[in-house]
Amino acid sequence: MSAVLRRGITFCAGLIILCFGIVLNTKTGLGVASINTAPYTFSEVEGISLGTATMLLYFIFAGVQCLLRRSLGWKIILQIPMSVLIGRIVDFFNDYVLTFQARSLADGFLLLCCAIPLTAFGTTLVVQTDLVPAAPDGMVRAFGDVMGWDFGRAKYTFDIIMIVLSAGYALIRTGHTVGIGVGTVAAALFTGRLCQLFGRLLAPWFRSCLTKCE
């Protein structure tokens, strides 16, 4: 099996796992992951599907990247069809697979303990293949480059901005916040650290199986 094919399979697997983790996080009743607060809030307030809200937000992220970088690279262009794909996968999982909600606090914490590692693992696979970045990751990198920050600092700042904007939008439209809770804090604290852990654990495999073809 060629390195290109292995990278493609790894990328697709990571994308599916990432979307599954994102949707599972919304089922906890404890608050969604920070990067998902904006699409989840928009979905709940405006009555559109989570996948559609995610896709629209990702389109905005791709556009802002063009403004920040003052260019339209192929990795930004490819984020458009990728955003459509992510939106459709999210809606599939939300509508046909993960059709439940946590019924108790214990259920919520159990789902959260599954959702965060899955999201981190999927993110790690997508990022390590270095094919097409998900629009939020591309946005964070562009934001960090403009500010002169490393990815970690840019990610934490960007997540806070998303939470604040989502809370403000929900308060204006409904008078209360939507989807923000202890799960949001937990995801912010642990997702990045788990990505680093998975990256270190899988580094030998990435080096041996995902080497770039000449």
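Guide: Let's start with α2 and α3, which are oblique to each other. Keep in mind as we go that this is a predicted model.

Visitor: Okay, but how do I read a pair of packed helices? At what angle do α2 and α3 pack?

Guide: The general idea is that two packed helices are described by the angle between their axes and the distance between the axes. Here, α2 and α3 pack at about 130°, and their axes lie 8 Å apart. An angle counts as roughly antiparallel over 145 degrees and as roughly perpendicular from 65 to 115, so α2 and α3 come out as oblique. Their crossing is right-handed.

Visitor: Which residues of α2 and α3 make the contact?

Guide: On the α2 side, look for A38, P39, Y40, F42 and S43. From α3 come L50, A53, T54, L56 and L57. Sort them by class and you get eight nonpolar, two polar and no charged residues.

Visitor: Let me try another pair. How are α3 and α7 arranged, and how far apart are their axes?

Guide: Use the angle and the distance again. α3 and α7 pack at about 25°, with 9 Å between their axes. Angles under 35 degrees count as roughly parallel, which means α3 is roughly parallel to α7. The crossing of α3 and α7 is left-handed. α3 brings Y58, F61, V64, Q65, L68 and R69 to the contact, and among the α7 residues are A135, P136, G138 and M139. By class, the contact of α3 with α7 holds ten nonpolar, two polar and three charged residues.

Visitor: And what about α6 and α9? What is the angle there?

Guide: α6 (residues 105-129) and α9 (residues 182-209) pack at about 45°, with axes 8 Å apart. That makes α6 oblique to α9. Their crossing is right-handed. Among the contact residues are L112, I116 and F121 of α6, plus F190, L194 and F198 of α9. The whole contact has 14 nonpolar, six polar and no charged residues.

Visitor: Now for the gaps. What is the volume of the largest pocket?

Guide: In general, rolling a probe the size of a water molecule over the atoms shows where empty space is left. In this model the largest pocket has a volume of about 740 Å³. Its lining takes 34 residues, and those nearest the centre are T123, F151, K155, G192 and C195. Helices giving two or more residues to that lining are α1 (3-26), α6, α7 (135-147), α8 (151-174) and α9.

Visitor: How many charged residues are in the lining of the largest pocket?

Guide: Five, together with 18 nonpolar and eleven polar residues.

Technical notes: Residues numbered from 1 in each chain as written. Predicted model: local features only at pLDDT ≥ 70, side-chain atom pairs only at ≥ 80, totals over all residues. Heavy atoms only, no water. Axes fitted to C-alpha atoms, helices over the stretch in contact; angles between N-to-C directions. Helix = DSSP H or I, 4+ residues; strand = E, 2+ residues; numbered from the N terminus. Left-handed = near helix turned anticlockwise from the far one by under 90°. Contact = heavy atoms within 4.5 Å. Nonpolar A, V, L, I, M, F, W, Y, C, P; charged D, E, K, R; others polar. 1 Å grid on protein atoms, 1.4 Å probe; cavity = no way out; pocket = protein on both sides within 12 Å on 5 of 7 lines; lining within 4 Å. Points joined across faces, edges and corners; volume = space filled by probe spheres on them.
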